[in-house]
Amino acid sequence: MKTFTSKKTLQEYLHQLKASNKTIGFVATMGALHQGHISLIELAKQQNDIVVCSVFVNPTQFNDPKDLEKYPRTIEADTKMLEQAGCDILFNPEVNEMYDGNEQWHLNLGETEHLLEGEFRPGHYQGVTQVVNKLFNIVNPDKAYFGQKDYQQFLIISKMVDMLNMPVNLVMCPILREADGLAMSSRNIHLTPEDRQHALVLSKALNWLKDNFDKHNIPELKQEAEKMINSEPGVELDYLAIADGDTLHPATENTKSIVALVAAKVGKTRLIDNVILVHG
Ligand code: AMP
């Protein structure tokens with residue numbers, strides 16, 4: 001695997017590969033890699049000649065400086081995992097390689113930006129689109145792979161790609177879970193053994209929704225799932241939404257694509273998870 005820290009050298013290298021008609025698959029990450037990330041790399045490998053993975057903890061998508069500071073950074077272990085997975089290129093830039101001083105960025109992403117995660121993390125999706133736009137411009141991939149784990153992020157990035165007519169195909173990849181159901185996340189590292197047990201209520205509530213979707217109406221389902229989560233010690237619910245999979249507005253019985261999304265603080269760690277209840 002080749003590692004680049006400079007966007008210019010990476011671009012020059014990719015230029016040569018593209019000149020020989022190689023297709024490029026791209027996976028953007030913030031590092032502290034786990035099997036979930038690796039599953040994206042594996043799919044990208046199957047579908048492209050060359051796989052590029054970025055590891056960059058993007059400061060502009062953090063609205064809480066403490067969260068940014070304590071975000072896990074494990075580049076040596078990440079490099080080994082990527083090598084083992086057969087990734088071809090790692091892009092691991094410093095912050096000043098990606099940002100030139102006080103850059104301004106604002107994209108009118110519509111109301112989806114302000115719902116759910118957007119409400120609890122104001123400005124988050126401006127930071128996400130800012131960095132993904134830069135990364136797409138540098139890598140110029142044929143396909144880019146993102147996890148369903150960050151469902152709303154996928155919708156927002158799709159919207160940006162449409163708005164800016166970016167020549168990239170987006171692929172949504174399934175959520176990888178631990179054997180007990182917990183969605184894999186770089187943030188799981190921060191969970192104490194007790195938190196780790198309490199955190200299971202999130203995937204349990206989502207599974208319950210999937211299993212009982214046909215047995216209750218939507219308000220009842222939402223109420224029951226909220227009750228399950230609220231009765232778990234050490235878990236503070238931010239939101240549990242049963243939403244239209246395209247707009248993230250509350251779903252009704254007539255909604256074509258339905259997804260349940262949850263966010264909660266478990267101890268000091270904020271976790272998100274979701275499940276698709278009705279495929280559109
Ligand atoms: P992150 O490093 O958390 O920004 O995640 C990088 C990419 O990996 C995003 O597209 C995530 O949605 C995806 N991802 C994170 N966790 C998982 C998981 N458990 N399963 C599949 N993909 C994931």
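**The open sheet and its helix**

Mentor: In this predicted model, helix 10 (residues 218–230) lies across strand 7 and strand 8, and runs at about 160° to strand 7. The two strands belong to an open sheet of three strands, with the order 7-8-9 and antiparallel pairing. Strand 7 (235–244) and strand 9 (269–278) are the edge strands; each has a single partner strand, so one side of each is left without a neighbour in the sheet. On average, neighbouring strands of this sheet are turned by 15° against each other, direction ignored.

Take the pairing of strand 8 and strand 9 next. Strand 8 covers residues 258–266, and nine bridges link it to strand 9 in the antiparallel sense.

For contrast, look at strand 5 (residues 143–147), where four of the five residues are buried. Strand 5 runs parallel to strand 2 (residues 24–29), and three bridges join them; V27 has Y145 of strand 5 as its bridge partner. Strand 5 also pairs with strand 6 (residues 169–173), in the parallel sense and over five bridges. There, F146 stands opposite M172 of strand 6.

How values were computed: Residues numbered from 1 in each chain as written. Predicted model: local features only at pLDDT ≥ 70, side-chain atom pairs only at ≥ 80, totals over all residues. Heavy atoms only, no water. Pairing = 2+ DSSP bridges. Axes fitted to C-alpha atoms, helices over the stretch in contact; angles between N-to-C directions. Contact = heavy atoms within 4.5 Å. Buried < 20%, exposed > 50% of the residue type's maximum accessible area, 1.4 Å probe, protein only.
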